[in-house]
Amino acid sequence: MFGIINSSAKNILVLGIFQRELKKKGREYLSGRLIDIGCGTKPYYDLLKPYVTEHVGVDHEATFHDKSNIDLFGTAYEIPVDNEAFDAAICTAVLEHLEEPELALRECCRVLKSGGITIYSVPFIWHLHEEPRDFYRYSKYGLRYLFEKTGFDVLEIIPLSGFWVTFGQLLVYNIYRFHRGPLRFIPVIPIIGLVVQGVSYILDRLDKSTQWTWMYMIVARKR
Ligand SMILES: C[S@@+](CC[C@H](N)C(=O)[O-])C[C@H]1O[C@@H](n2cnc3c(N)ncnc32)[C@H](O)[C@@H]1O
């Protein structure tokens with residue numbers, strides 16, 4: 001009975017915000033052959049399907065994620081495809097896991113056609129995850145610098161939230177630490193989590209202080 005409100009509800013707000021923005025930018029910018037760098041389970045395949053002709057996922061052998069949707073094994077530094085093989089690229093929640101971000105951006109540039117578009121998402125305020133392969137957090141200034149240095153023109157850097165959504169999400173993750181043992185059979189924590197996310201969303205709409213964003217989305221074009 002309580003299974004309806006399960007732990008996937010704990011980040012439903014940030015997932016919703018992220019997917020809405022990715023769909024919007026996908027519709028606006030993506031077309032042709034798409035490479036998904038560090039694809040994991042390729043979770044945005046359905047979302048982007050209307051805009052691209054092919055969606056090829058690349059990830060490394062040692063990934064923590066289920067490998068069944070990976071099309072090519074390789075790293076963000078060495079993607080096993082020819083130069084200029086793709087019209088577009090996405091790389092979502094991966095750059096913070098790369099010890100050499102500049103090399104990875106140059107590799108993305110290599111596999112894109114001239115004028116090709118890439119969409120990245122990168123956290124700014126977020127907890128450590130996929131440890132120990134969690135190396136950096138980026139500001140919008142650092143991102144612009146890196147993309148411009150590696151052969152891209154930055155078209156947009158979009159902060160996906162203000163303070164309240166970031167704060168609400170961190171609070172929810174922390175209260176979920178108590179959702180274990182016998183307590184996990186009672187949906188009190190998930191219900192509090194959903195209420196916190198709802199209130200955060202409303203407050204964020206009233207007061208969007210983007211210095212506190214949890215995540216940036218970057219749209220860039222290969223020069
Ligand atoms: C947080 S997950 C994001 C997965 C997926 N892009 C998404 O948005 O759900 C980070 C991904 O980066 C991948 N990754 C980490 N280091 C990598 C590397 N050097 N080369 C390629 N992929 C890498 C991981 O295997 C994992 O799939």
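Q: What places Gly151 in a loop, between α4 and β6?
A: Gly151 is found between α4 (140-149) and β6 (152-159); helices (H or I, at least four residues) and strands (E, at least two) are DSSP runs, numbered from the N terminus. This is a predicted model, in which local features need pLDDT of at least 70 and side-chain atom pairs count only at pLDDT 80 or more, while totals for chains, interfaces and linings use all residues. Residues are numbered from 1 along each chain as its sequence is written.

Q: Why is Gly151 called partly exposed?
A: Gly151 has 17 other C-beta atoms within 10 Å. A residue is buried at 20 or more such atoms, exposed at 12 or fewer, and partly exposed in between, with C-beta atoms placed from the backbone; Gly151 is therefore partly exposed.

Q: Which residues does Gly151 touch, not counting residues up to four places away in sequence?
A: Gly151 touches Arg106, Cys109, Lys222 and Arg223, where contact requires C-beta atoms, placed from the backbone, within 7 Å.

Q: Why is strand β1 described as largely enclosed by the rest of the structure?
A: Four of the five residues of β1 (residues 33-37) are buried, so the strand is largely enclosed.

Q: What makes β1 and β2 paired strands?
A: Two strands pair if DSSP finds at least two bridges between them. Five bridges join β1 to β2 (residues 54-59), and the two run parallel; Arg33 has Glu54 in β2 as its bridge partner. Three bridges join β1 to β4 (residues 86-92), also in parallel, with Leu34 opposite Ala88.

Q: What makes β3 and β6 the edge strands?
A: The open sheet has seven strands in the order β3-β2-β1-β4-β5-β7-β6, with mixed pairing. Both β3 (72-73) and β6 pair on one side only. Two bridges link β2 and β3 in the parallel sense, and Asp59 stands opposite Phe73 in β3.

Q: Why is α5 called roughly antiparallel to α6?
A: The axes of α5 (residues 163-175) and α6 (residues 188-206) come within 8 Å and cross at roughly 170 degrees. Axes are lines fitted to C-alpha atoms, for helices over the stretch in contact, and angles run from 0 to 180 degrees between N-to-C directions. Angles under 35 degrees count as roughly parallel, over 145 as roughly antiparallel, 65 to 115 as roughly perpendicular and the rest as oblique; α5 is therefore roughly antiparallel to α6.

Technical notes
Two residues are in contact if their C-beta atoms, placed from the backbone, lie within 7 Å.
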